[in-house]
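This briefing goes with the protein model shown below. Please look at the sequence and the structure before reading the points.

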Amino acid sequence: MIIFKSICLCYSARYHVAEPGIPQPLNQFLKVRDNCMRLIIVGGVAGGATAAARARRLCEDAEIILFERGEYVSYANCGLPYYIGRKIKERDELFVTTPERLERRYRIDVRTCQEVVHIDPEQKTVQVRNLETDEVVVEPYDRLILAPGARAMKPPIPGIDQGNIFHLKDVNDTDRVKAFVSGHSVASALIVGGGFIGLETAENLARLGIAVTVVEMLPQLLPQLDYDMAVHVHQHLREQKVKLILGQAVKRFDHQAGRITAVTDRDTDIHVDMVIVSAGIQPERELAEGAGLTIGETGGIYVDEHMNTSDGTIWAVGDAIETTDFVSGRKTRIPLAGPANRQGRAAADNAMGRKDALGGLLGTSIVKTFDIVAASTGMTEKCLKDEGLPYRTSFTHSLHHAGYYPDATMVSIKLLFAPDTGKILGAQVTGKNGVDKRIDVLAVAIYAGMTVYDLQELQLAYAPQFGSAKDAVNIAGYVAANMLKGDVQVRHWHELEQMDSHDYLLLDVRSTMEVRKEGVIPGAQNIDIDELRDHLDELDKTKTIIAYCTVSMRAYLACRILTQKGFRASILSGGWMTWLPIQQDREAQQQP
Ligand code: FAD
């Protein structure tokens, strides 16, 4: 028995309509249906709309009903920040399709502004509230796909519910932000949260001439990167005059005369005209919980490799579910559009009687903010450490296309690989150009179970505009393979800090001119690589020599010379280009 106070309870017109206000037992209204399978889908954006279209392609005869709580279906979440920044000029461009088009082309019964509020798995029914009329109807299903996504996290910060504080999760949020920045003279904005949505929003607000501050409670932006790669993004944002306040959480918002003061847990006051809270998301799992479906250990809806929940006739996809990490096999949540689409397709296949199994997810992601691009695939060093998995790391910096061709820029790769087999476990790439191509190659390499030795062999397209005869990915493979073969020993920037400086000699093999212009790592001795062979007798054989240059390419040659002459030598992985941004970041973080 279901009781709703002061709302009209009726069952779908297709079956029986109950007397308004009179609750009725469900069974008496359920008619044995025709031989037509009825698929209900909850949520009409990335996962839900994909599932609906796929289901129709597989079965012309099924009745497919898609319920969407909001006004819109199948829109480009990922484009929302760019509409605010006027890169996407027309609001209509955000809509991949419309309910009318889904109905016309796919014969999908799309019901917007209708929220599924309860699932009864025994009766195989859902209760749906019409958000315009407050009417509740009960709809039977044969198969049910849940694609309810996730909601923006709203940290319990005093003052967060008052004016000028926004989220950016859907079209309505975007309209609100857009109306505010268009209708007011907004000079300054605070972004709470340094994830990819926060940073895309920072760029787009800055493009409107707004001074932007980003506050992040972790000591770094973009948690899908390790700190030593995130510093490239920090540096670029500071160059763009975005103020970063890292390692601090907002504890209070004070409102006065339309302005906001955000106060952090280290008592930093940030005065702004508006705030966008982009502090993560929470899976929309309440519907599944209410239906008694299993919730996974990470808080997402449990599904198996067929996207099947703990109920054989209910599938779930997208930001709401728990999935499996491809590399570690551990449970995780990966709220990205690609996986949601792929899962929507798989869920539809399975709901329509096919068998489609998905493997674990790599979480391949990419973000651009201003002119820097940062991408990641597989596991980070942080995660490998947390999981206690053995790994080795290499840093390489290569030009994104041939150096002799104009406008070559640096692309930095951090590679994580198994110390025994060389199997690639994860990769991160940053740079201004060519990041997308490298991360995609590396994602495929991980998916295919390749090793660093395979990276050396990859036959990638080359012409001077696009790459180099030895592509950045090949170079990453060479360096990592050299490490595993014992051709070169490496030290990392953080190891330098842990070692007793009396035990090693830091050798800078760049030219004197470069050193004069750029400086050296404190304590380093400079001998130009071209002169090293003539100065070997000046070096202390009792000490380990750690050589570096700009990217540690010349340092590698230095090591080869030194080890063959009886020295203990290693390179500083990634050289000056890995070491310097970390020091600069630390200095910037010290400044008030
Ligand atoms: P959604 O697309 O969020 O759809 C869920 C829908 O279900 C919602 O419309 C909701 O109203 C509806 N719903 C929920 N509960 C109910 C209910 N009970 N009844 C009816 N309807 C319900 N990912 C990337 O990979 N790359 C990017 O560049 C990127 N940029 C992004 C930028 C922004 C601003 C945002 C917000 C997200 C971005 N994402 C990006 C993430 C990506 O959009 C999501 O991972 C993806 O949309 C998840 O798909 P989904 O179907 O699970 O959920």
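The notes below start with the whole chain and then turn to sheets, single residues and salt bridges.

This is a predicted model, in which local features need pLDDT of at least 70 and side-chain atom pairs count only at pLDDT 80 or more, while totals for chains, interfaces and linings use all residues. Residues are numbered from 1 along each chain as its sequence is written, and side-chain values use heavy atoms, with hydrogens and water left out.

**The whole chain**

- The protein chain has 16 helices and 30 strands; helices (H or I, at least four residues) and strands (E, at least two) are DSSP runs, numbered from the N terminus.
- The C-alpha trace spans about 100 × 60 × 40 Å along its principal axes.
- Of the 592 residues in the protein chain, 53% are buried; buried means under 20% relative accessible area, exposed over 50%, and partly exposed in between, with a 1.4 Å probe and protein chains only.
- Among contacts (heavy atoms within 4.5 Å) with a separation of 6 or more, 62% are between residues 24 or more positions apart.
- The chain exposes about 26,600 Å², and carbon and sulfur atoms supply 49% of that area; accessible areas come from the Shrake-Rupley method with a 1.4 Å probe, and for residues only the protein chains shown count as cover.

- Strands pair if DSSP finds at least two bridges between them.
- An open sheet is formed by 3 strands in the order 13-14-15, with antiparallel pairing.
- Strand 13 (250–256) and strand 15 (269–272) are at the edges with a single partner strand each, so one side of each has no neighbour in the sheet.
- Neighbouring strands here are turned by 20° against each other on average, direction ignored; the axes are lines fitted to C-alpha atoms, for helices over the stretch in contact, and angles run from 0 to 180 degrees between N-to-C directions.
- Strand 14 (residues 259–264) is joined to strand 15 by 4 bridges, and V263 has D269 as its bridge partner in strand 15.

- All 5 of the 5 residues of strand 29 (residues 544–548) are buried, so the strand is largely enclosed by the rest of the structure.
- In a regular strand the side chains alternate between the two faces of the sheet.
- In strand 29, T544, I546 and Y548 point one way, and I545 and A547 point the other way.
- Strand 27 (residues 504–508) pairs with strand 29 in the parallel sense over 5 bridges, and L505 stands opposite I545.
- Strand 30 (residues 569–572) also runs parallel to strand 29, joined by 3 bridges, and S570 in strand 30 stands opposite I546.

**Residues in loops**

- V317 lies in the loop between strand 18 (314–316) and strand 19 (323–324), and is buried with a relative accessible area of 1%.
- Not counting residues up to four places away in sequence, V317 touches G47, L146, A147, M307, Q343, G344 and A347.
- Most residues other than glycine have a negative phi.
- M307 has a positive phi of about 70° although it is not a glycine; M307 is in the loop between helix 7 (286–290) and strand 18, and is buried at 5% relative accessibility.
- K124 has a positive phi of about 55°; K124 is in the loop between strand 4 (114–120) and strand 5 (125–130), and is partly exposed at 27% relative accessibility.

**Salt bridges**

- A salt bridge is a side-chain nitrogen of Lys or Arg within 4 Å of a carboxyl oxygen of Asp or Glu, and by this rule the count is 30.
- E139 forms a salt bridge with R111, with the closest N and O atoms 2.8 Å apart.
- The pair links distant parts of the chain, with E139 in strand 6 (residues 136–140) and R111 in strand 3 (residues 109–112), 28 residues apart.
- E139 is buried at 1% relative accessibility, and R111 is buried at 18%.
- E497 forms a salt bridge with R586, with the closest N and O atoms 2.6 Å apart.
- E497 lies in helix 13 (residues 493–498) and R586 in helix 16 (residues 575–590), so the pair ties together parts that are 89 residues apart in sequence.
- E497 is partly exposed at 43% relative accessible area, and R586 is partly exposed at 32%.
- Salt bridges that share partners join R38, E63, D109, R111 and E139 into one network.
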